[in-house]
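Let's take a friendly walk through a protein model. Have the sequence and the 3D view ready as you read.

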Amino acid sequence: MTALDLQQDVSLLTAALIDINSVSDQETAIADAVEQALRALDFFEVTRDGDSIVARTTAGHAERVILAGHLDTVPLPGTKGARGTVPSSWDGTPGEGVLHGRGAVDMKGGVAVQLALAAAIGRGELAPQRDVTFVFYDHEEVEASKSGLGRLVKNHPELLTGDFAILLEPTNGVVEGGCNGTSRFEVTTRGVAAHSARAWMGENAIHAVAPVLTRLAAYQPRTVAVDGLDYRESLNAVLIHGGTAGNVIPDRCVVEINYRFAPDKTADDAELHVKQLMEGFDVVRTDAAPGARPGLNHPAAASFVAAVGGEPKPKYGWTDVARFSELGIPAVNFGPGDALLAHKDDERVDAQAVRTCLAALTAWLSD
């Protein structure tokens, strides 16, 4: 088992976490290392469920904050010579400059900050004025049905009570409130199969999707103001498949659509919107996850924004702040690194960005 040194600089801790391959479905090794490190600390009750770990202080403060992050990454890059891989590598001296590797921003930098904060509490160097729950969970980068956080909500809801939650997804050290919702749909056209040499005997289902693509290409996505933040929507074809052979007129074609919708809508509202746009076609929703309103008017959220500074921004992608929102817990995204570098073949994070995030959270927790 890999032993994590929680006393080293948080950027070096980030590198150590990157060096543990933890692609979704392979999180056991990193979960073991995180659990071992947390159980060695004082002041925490530690619970493990599958490859998810929860560590809670129980000092009896009036307020409890949740700091959450996922342990898994997307698969390693396939490009030869890519630096967003395992093991990690540095530009220059380790602990300085830029750290490269899979998960550098999404989100082992954030997980390293969580562990560094837990270590400071466990060693008595940080005396938070709020009780703290640290959540480390598996299977964030895959379908929602596998989510370790979703499993914790089902199996241990009592461990996820709190007044405010911070998800340490990469935000360049700026608070990003709420998140867009996301939904997927299949638009299916049907035809009549025939030999392509006698095409007039059939009906081409692939040709029949042309109006679907035309409507999507002409669609103008909205920008929606929600609680003072502007959320940009998007509606796009993301996959198309049909046909059986090179000499057969296809009798079926499916266009898969992804709709990222502002948090003023429910998943059902989003479905109605897509079905209205695709009127006349067979539309089936295959997946949906609601968004989350910013909740920045909550006292704990407002105090956090004031403490870390900067102008809050909306989160355009879906994150697990939505799960906390469903539990009635206001939540924001705040973590080190540029989200635009997530999943890239040159995924990387600046060492100072991780240290700055740690310093901001340390100051807020001790305030």
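The report below goes through salt bridges, a pocket, the nonpolar core and some backbone details.

## Before we start

This is a predicted model, in which local features need pLDDT of at least 70 and side-chain atom pairs count only at pLDDT 80 or more, while totals for chains, interfaces and linings use all residues. Residues are numbered from 1 along each chain as its sequence is written, and side-chain values use heavy atoms, with hydrogens and water left out.

Helices (H or I, at least four residues) and strands (E, at least two) are DSSP runs, numbered from the N terminus.

## Charged partners

How many salt bridges does the structure hold? There are 27 salt bridges, each being a side-chain nitrogen of Lys or Arg within 4 Å of a carboxyl oxygen of Asp or Glu. Let's look at E233, which forms a salt bridge with K265, their closest N and O atoms being 2.4 Å apart. This pair links distant parts of the chain, 32 residues apart: K265 is in the loop between strand 15 (252–261) and helix 6 (267–277), and E233 is in the loop between strand 12 and strand 13. E233 also meets R222 in a salt bridge, at 3.8 Å from N to O. Here R222 sits in the loop between helix 5 (210–218) and strand 11 (223–226), 11 residues from E233.

Are these residues buried or exposed? Buried means under 20% relative accessible area, exposed over 50%, and partly exposed in between (1.4 Å probe, protein chains only). E233 is buried because its relative accessible area is 6%, and K265 is buried at 14%. R222, at 40%, is partly exposed.

Another salt bridge joins the side chains of R48 and D51, at 2.8 Å from N to O. R48 is partly exposed, with 23% relative accessible area, whereas D51 is buried, with 13%.

## The largest pocket

On a 1 Å grid over the protein atoms alone, a pocket is an open set of points where a 1.4 Å probe fits, with protein on both sides within 12 Å along at least five of seven lines; lining residues have an atom within 4 Å of a point. The largest pocket holds about 990 Å³ of space, a volume being the space filled by probe spheres set on the points, which are joined across faces, edges and corners.

Its lining has 34 residues, and E140, R260, G317, W318 and T319 lie nearest the centre. Strand 9 (181–190), strand 16 (282–289) and strand 17 (313–314) each give two or more residues to this lining.

## The nonpolar core

In soluble globular proteins, nonpolar side chains tend to be buried together. A nonpolar core is a set of buried Ala, Val, Leu, Ile, Met, Phe, Trp, Tyr and Cys residues joined through side-chain atoms within 4.5 Å. The largest one here has 68 residues, and L38, L115, F134, I166 and F304 have the most contacts inside it. Its largest share, 13 residues, comes from helix 3 (residues 104–122).

## Backbone details

Which peptide bond is cis, with omega near 5 degrees? That is the bond from V86 to P87. P87 lies in the loop between strand 3 (64–70) and strand 4 (89–91), and P87 is exposed, with a relative accessible area of 54%. The bond from D106 to M107 is also cis, with omega near -10 degrees, and M107 lies in helix 3.

H343 has a positive phi of about 70 degrees although it is not a glycine.
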